[in-house]
Amino acid sequence: MSETTTAPTRHDVVVIGAGFSGMLLIHRLRDGLGYDVKAIERGEDVGGTWFWNRYPGARCDFESEFYSYSDNEIQQEWSWSERYAAQPEILEYINFVADRWDVRRSIDFDTSVTAATFDEGRNLWVVETDRGARLEARYLIAATGNLSVPSEPTFPGMESFAGPIHHTGRWPKDGVDFTGQRVAVIGTGSSGIQSIPVIAEQAAELTVFQRTATFTVPAANRPLTDRERQVTKANYPVLREAAKHTRAGILGEQPMGSFAEVDLVLARGELERRWRTTGLGVTATFNDTLVSEEANEFVSQFVRDKINQIVEDPATAKLLEPHDYPIGTKRLALDTGYYETYNRPNVRLVSVRQTPIDRFTPRGIVVGDHEYEFDAIVLATGFDAVTGALERIDIEGRGAAKLAEAWAEGATSYLGLAVHGFPNLFTVTGPGSPAILTNVLASIEHHVEWIADYLEFLRREGIVRTEADAAAQAGWVEQVAELAGHTLYPKAASWYMGVNVPGKPRVFLAYLGGFGTYRAICSKVAADGYPGFLHTTPTHEVTDHDSERVTS
Ligand code: NA7
């Protein structure tokens, strides 16, 4: 802990981040349960990922009517304009909720948490910020988001480029005008796929640098009708409840059956129907698309055929065909006119698969022996996902253990909610939870509710310290890895596996048993008195070998 002269402020709970998770934590714990909550937010306002990701074309890839809080007053009052809302509307919604819940008075904006140290003598966290503030709280809750730290590759000569370089995840608040410009986009994940069609409409020339061709399906986005909105609002309680029992926390297309048992002519027709109505449903056509190589190849080839039908230039279509990973094992992108964009005369695709980007120059980008000239460069190169935000904070737990070191071989966690060695710390949608594979709003609401119930339990029982038990955590980590091992997911070099960030350990970061099953497991842990957590009351000290002191 560094020297500081400021007297600490004391709270019950310090929350890191004021995106969807942080806002709900403030509302639930402060307004619902009466805790003194202080949130620290790097941005100048609320919104988290939706505050920063203002790139052209940014929109959510779950239906907005469900990618939203289930608070009944709010869901009855707010009306979404489109099936998949664009970033400005989502941020407007977030601000609407922030006003309604009056969360801003509990948030320090423009402030980053730099360090957090667990004081074992007093059983509280001492949190430090980049503004020199010091806060103390019994509980520290990370609402840091899974896609909040941009991953920016460093190309030689980058600083010499004469024009601006924008990362999609840190887009300028006032927008960027590409009119008349020669623009490069590096990266063809979701952010590239969403922004490329929009930038292409504005720029004079757009060059896309693609390392891995990505599977993307049409969003089939459209305005919602009044009637649709009314029907959803009338049925919200039952729809939200049913979603809790699904694999992904949202109601969607059901599988026809396994690849072996489904008539493939019917399956082909069904894929066609899903492509037209809701692209996301294509991977759910078979219940074993993510397990069986044959099933996966059938769906993958269907999408490759679509690319060849849409893209007029055969050489470009060939480059766009994904062959490097099974469909669905990297996040399936949802697009609006992505493949069609390559039919425009002002758009070209450059593969950097065999010959990577060599360097930046004042004029542009060199690949092989060719220098491409640009006025502006867009990095759509993704995030240090899931663990990046927490690993950048100097978090010191019991026995001076550092979180970044504890996760050096791969993120470990009990239920994706707590980490052994780091008492009284909770992670909303943390590693080892199913969150990144789900409608994250459903996962956030589940975690916040679970944590709120747990804090009440701890308060009732007079427990001052809780910590994930080493054995319970090891069991959970093993279960997460084992489930992933039975699927095709580890075959992809994805951010789910941490592979997109150089040096990051290759560990599958999510629980694959499904959201419904996961919820049931967490509920049972709560109902059984929280086995897997070590509990300390003021007269008891906990050590590594004190598992007999677990309250059960
Ligand atoms: P992603 O999905 O991680 O995509 C990043 C893209 O950037 C991907 O195509 C990468 O290629 C590419 N990339 C990264 N580094 C380089 C270098 N050095 N050279 C060339 N290309 C590079 O991030 P997104 O922001 O698009 O989406 C993240 C999530 O946000 C998404 O899944 C949704 O959940 C919302 P690669 O595939 O690694 O070869």
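User: What does S191 do at the ligand, in terms of distance to an oxygen atom?
Analyst: A polar side-chain atom of S191 lies 2.5 Å from an oxygen atom of the ligand. A polar contact is a pair of N or O atoms within 3.5 Å; within protein, one must be able to donate a hydrogen and the other to accept it, and residues adjacent in sequence count only if both atoms are side-chain atoms. This is a predicted model, in which local features need pLDDT of at least 70 and side-chain atom pairs pLDDT 80 or more, while totals for chains, interfaces and linings use all residues. Residues are numbered from 1 along each chain as its sequence is written, and side-chain values use heavy atoms, with hydrogens and water left out.

User: What about W495 and A380, how far are they from a ligand oxygen?
Analyst: For W495, a polar side-chain atom is 2.9 Å from an oxygen atom of the ligand. For A380, a polar backbone atom is 3.2 Å from one.

User: How much of the ligand does the protein bury?
Analyst: The protein buries 86% of the 780 Å² that the ligand exposes when taken alone. Those areas come from the Shrake-Rupley method with a 1.4 Å probe; for residues, only the protein chains shown count as cover.

User: How many residues surround the ligand, and which are the closest?
Analyst: There are 18, and the closest are T188, S191, R211, T212 and K330.

User: New topic, aromatics. How many aromatic pairs are there?
Analyst: Rings of Phe, Tyr and Trp (its six-membered ring) pair if their centres lie within 6.5 Å; planes under 30 degrees apart count as stacked, over 60 as edge-to-face and the rest as tilted. By this rule there are 41 aromatic pairs. One of them is F20 with Y69, edge-to-face at 5.3 Å centre to centre and 70 degrees between the planes.

User: Where do F20 and Y69 lie in the chain?
Analyst: F20 is in helix α1 (residues 20–32) and Y69 is in the loop between α2 (49–52) and α3 (72–77), so the pair links distant parts of the chain, 49 residues apart. Helices (H or I, at least four residues) and strands (E, at least two) are DSSP runs, numbered from the N terminus.

User: Are F20 and Y69 buried or exposed?
Analyst: Both F20 and Y69 are buried. Buried means under 20% relative accessible area, exposed over 50%, partly exposed in between (1.4 Å probe, protein chains only).

User: Which residues form one aromatic cluster?
Analyst: F20, W50, Y67, Y69, W78, W80, Y93, F96 and W101.

User: Which ring does the charged end of R170 sit over?
Analyst: The ring of W52, 4.2 Å from its centre. Likewise, the charged end of R54 is over the ring of F51, 4.7 Å from the centre. The rule is NZ of Lys or CZ of Arg within 6 Å of the ring centre and within 35 degrees of the ring normal.

User: Last one, the backbone. What is the phi of N424?
Analyst: N424 has a positive phi of about 55 degrees although it is not a glycine. N424 sits in the loop between α12 (403–406) and β18 (425–427), and is buried at 1% relative accessible area.

User: And where is D110?
Analyst: D110 is in the loop between β3 (107–108) and β4 (113–119). D110 also has a positive phi, about 50 degrees, without being a glycine, and is partly exposed at 42% relative accessible area.

Notes
Near = heavy atom within 4 Å.
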